[in-house]
Structure formats: structure tokens, C-alpha cells
Amino acid sequence: MRIGQYEVSTVVTSRFGLDGGSMFGVIPKSIWGKDAVPDSSNRIPLVTRSLLIRGGGKVILVDTGNGDKWDGKMRDILATDPTETNLTGALAQHGVTPDDVTEVICTHLHFDHAGGNTRLEGSETIPTFPNATYHLHRENWEWAMSPTEKDQGSYRSENWEAIAENGMFSFVEGEDGILDEIGLRLTHGHTPGQMHPILTEGDTTLLCAGDLFPTRLHFRLPCIMAFDNEPLKTLKEKREVLERAVEEKWAVVLAHDPDCEAVNVAADGDRFRIEKEFTLD
């Protein structure tokens, strides 16, 4: 999909599994289990899907997925195998090397969105993209430095320490936007300062949903992940974003759905539904 000066693609950087109950919160398994079939450990299949944005002399990556720094125990827990699907391999399919990436936009620093920010070289953790500026909202940085007992397991400092030490972060303040032609929507229910990049040209608008709508099943308003720190705030944010997405016919890119890359949504009374599923190609 071309939007303004940019060519926009999606990149699946890992396949993994998380507990279905955690993913769907108060929605009972008898409902979500019909569409997201869990394994024997109650994990549902998920992906980490990044945006690759190219144009204007820039190669921009929105989120970097789980990365490959996991030990055997965590690979079992997350049902992930980086030897099969990984960030560098996915980028290579688009003719992009880590050295080519000029900007990394971190929607937030949870491990499944920022794990590929760094990689191991021997026993040393180094930035995966040595020539990139990493863009992150100041509020999420401050939260990651001091998370709560509830969400501290999602913030793993090995995913950003080397970047900070090398002075590669550029912190976004407020909702000023990120780069030329890339706007910004902020949400705070999942975690403070989650950034949702927005690209717009004419009647075309693309929103990176991040963890506001992680899968196509999360367009039901009360379907909110147990991972969210402030679910009532998430509920309000979902409604506000959906109302605008319907009115302006946004393309919404999903970060974790294994089968659905992007959707348009429609109003259905006081609810919302997927009108169309599609790919950006």
C-alpha cells in the first residue's frame, strides 16, 4: 500500500502463543475458543506483526517483535521458535538488512513489541539496527523504568539498555507526531504512552493498532486483555478510536492476529464489527 511518499508493508517477525484467558479477559472461553483454538496449555496462536515503511530516504520499522534472545525455558513457555520465523529473516524477504533501517518506532516496550530491538553477539547484547534512531514515547520510557508488580514481567531491560547506552533513543512528547507524514495516536489503558502511528493521504488513513486491538476478535468493546493496567480506560479508548475509524474508513493493522493482517470496521448499532479483512500488498 502506498500512502504519500511511503510504501507500507507488514512483516511477521515471530510466531508464539499466550494464554487465551489472558488475551480475552472477561470474555469466556466458550466464546473466544470457537475462533482462537487453544493448545493443551491453553495458549492461542499469535504472531508479532511489524510495519515496514519505506520512502523519502528512510526505512522505518514499527515494532520489532519477540526477538531471539530467549532461553529454552522461555521458548517453551511462549511456544516460539526463532529459527523458523525471525526478524532478520522476515526483513530479508523484503530486501532489507538491519544496516538499512533508519528508524525504529517502538509502540511500547513490552517484550513482544520490543524484543527485536537488540540481539546477542556472543555474550554481548547490542542494538539490532546500528544505524537507526529508536523512537519511543517519554511516558512509556518512564513507566518501563519503574513498572508495577502486575506488568514488570512484560518489561525486559535487555531490550533497551544497549540502545539507551548508545544514545539511540529519541523520545516523543505529547501527541506531536513522530516523523514527516507519520502522525500519532496515544493510548494509556494497556500501558502508559502506547503509540499508534498513523499515516494519511487524502481519503486513506492507516492506523497501527498495537495492543489496543491485538487481533480481529478484540473489536468487541468488552474484549480487553487481562494484561491491560486500566481496562476501563482501554474501553473508552477503543470506542473513541473505533468511532473515528468507522467515520473515516481507516485501515487498521493488527499486531498479533495470525490470520488477519488488516481490517476496515463498521458500526453495528452501539457495537462495531469487521467490514472487510485485507492485506496491504
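**Notes on the fold and its cores**

1. Surface first: the protein chain exposes about 12,200 Å², and carbon and sulfur atoms supply 46% of that. Keep in mind that this is a predicted model.

2. On overall shape, a compact globule of 281 residues would have a radius of gyration near 19 Å, and the protein chain comes in at 18 Å, so the two agree. Along the principal axes, its C-alpha atoms fill a box of roughly 55 × 45 × 35 Å.

3. For secondary structure, I get eight helices and 15 strands in the protein chain. Take the contacts between residues at least 6 apart in sequence: 68% of them join residues at least 24 apart.

4. Now the inside. Of the 281 residues, 53% count as buried. The largest nonpolar core has 24 residues, and Leu91, Val101, Leu109, Phe129 and Tyr134 touch the most other members. At least two residues each come from β4 (58-62), α4 (87-92), β8 (133-137) and α6 (138-145). The top contributor is α4, with three residues.

5. Setting aside neighbours within four places in sequence, Leu109 is in contact with Ala114, Asn117, Leu136, Asn140, Trp141, Ala144, Ser154, Tyr155 and Trp160.

6. There's also another core, lying apart from the largest one: 23 residues, among them Tyr6, Ile60, Val62 and Met195.

7. Last, the charges: the protein chain carries 27 positive and 46 negative ones, and their mean positions are 6 Å apart.

Methods
Residues numbered from 1 in each chain as written. Predicted model: local features only at pLDDT ≥ 70, side-chain atom pairs only at ≥ 80, totals over all residues. Heavy atoms only, no water. Helix = DSSP H or I, 4+ residues; strand = E, 2+ residues; numbered from the N terminus. Rg over C-alpha atoms; globule rule 2.2 N^0.38 Å. Buried < 20%, exposed > 50% of the residue type's maximum accessible area, 1.4 Å probe, protein only. Contact = heavy atoms within 4.5 Å. Areas by Shrake-Rupley, 256 points an atom, 1.4 Å probe, with all protein chains shown as cover. Lys, Arg positive; Asp, Glu negative; His and termini not counted. Charge placed at Lys NZ, Arg CZ, Asp CG, Glu CD. Core = buried A, V, L, I, M, F, W, Y, C linked by side-chain atoms within 4.5 Å.
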